[in-house]
Amino acid sequence: MPDITGKTRLLGVIGYPIEHTLSPAMHNAAIAALGLDWAYLPFPIAPGNLPAALAGFEAIGLAGFNVTIPHKQAVMPLLAAIEPAARQVGAVNTVWHTPEGWHGTNTDVKGFIAPLQELDRDWAEQEAIVLGNGGAARAVVVGCAQLGCTRIRVLGRDRTKRERFQASWAGTPLADRVETHPWEALPELLGSAGLVVNATPVGMHPQVEQSPIAAELWARSTPGVIAYDLIYTPRPTAFLQQASACGAQVIDGLEMLVQQGAAALEIWLQQPVPVAVMRDALLARQC
Ligand code: NAP
């Protein structure tokens, strides 16, 4: 627990619900390790209360906050400035206070690509498959493009949502790299993908036995394929267990969570942060 004083600077995370967030454990561990007089708190903000919450944060001098479901898009019109990364994704997950008002960015892209950048791959040679076309899938698409993937194939089960997702990239540099496909196209597409990302909640606790992919489909994947699940509870998911059994290299969502958090904390504190401490705090919570 941080030692609260009369000078403690406040950070937090807004969401609804927010009871299960792991962010306070991760950020407060880093703050303690740095010996700073800061504290990071969870704030349950119902959707209709978002403008009032930001006014209140301004009034009490909150230095910054993370944003999670359902506020990642809704917060955008309330900000004075939005970084290009967040505009591209269409969602904000990190906000900080400035004399001009609240500024927002999105650190999920940085978090997503961090473990992939550790790998020795020629990303320009790689096609990516993204399972799901919700909020996280947008950060994954931008991340795959930043890595250099030439084709990013996004699978969605709802035709209207797929069309909306495809249309949202029109007029952007990603328009000719992003393709949307129905779920049924997966067997055909899997054979040429170097990276397969689960950006659905399928397999998340407590539905731990579920996978977005039928286990036998992995037999169609290419040697050296990377299976990446954004889910971090359980570790590994059924999706990753099945992929691993067929020889795929696997990455779970914990490192993305750590790295997006570290990127946010660096913005607020304006100094390097102890990433290993943040990772250990999350691992301790998962035991
Ligand atoms: P979201 O906006 O609700 O999107 C979920 C997507 O999954 C939608 O496209 C949805 O399709 C699809 N989906 C849900 N159930 C499905 C099923 N049974 N079969 C096929 N598709 C299905 O959620 P999100 O914010 O993108 O989050 C997705 C996952 O990523 C969650 O598990 C979340 O915890 C994880 N995540 C992890 C991190 C991290 O730091 N590791 C960060 C962000 C998110 P419909 O729209 O048709 O329902």
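1. The radius of gyration used here is taken over C-alpha atoms, and the globule rule it is compared with is 2.2 Å times the number of residues to the power 0.38. For the 287 residues of this protein a compact globule would have a radius near 19 Å, and the protein agrees because its own value is 19 Å. Along the principal axes, the C-alpha atoms fill a box of roughly 60 × 40 × 35 Å.

2. Please keep in mind that this is a predicted model, in which local features need pLDDT of at least 70 and side-chain atom pairs count only at pLDDT 80 or more, while totals for chains, interfaces and linings use all residues. Residues are numbered from 1 along each chain as its sequence is written, and side-chain values use heavy atoms, with hydrogens and water left out.

3. The protein has ten helices and twelve strands, where helices (H or I, at least four residues) and strands (E, at least two) are DSSP runs numbered from the N terminus.

4. The ligand is surrounded by 21 residues, each with a heavy atom within 4 Å of it; the closest are Asn133, Ala136, Arg157, Lys161 and Leu230. This shell divides into twelve nonpolar, six polar and three charged residues (Ala, Val, Leu, Ile, Met, Phe, Trp, Tyr, Cys and Pro count as nonpolar, Asp, Glu, Lys and Arg as charged, and the others, Gly among them, as polar). Two helices, α5 (135–147) and α9 (254–269), each supply at least two residues of the shell.

5. Taken alone the ligand exposes 920 Å², of which the protein buries 74%, with areas from the Shrake-Rupley method and a 1.4 Å probe.

6. Some backbone details deserve a check, since most residues other than glycine have a negative phi, and most peptide bonds are trans. The bond from Tyr16 to Pro17 is cis, with omega near 5°, and Pro17 lies in the loop between β1 (9–15) and α1 (23–34). Gln270, although not a glycine, has a positive phi of about 55°.
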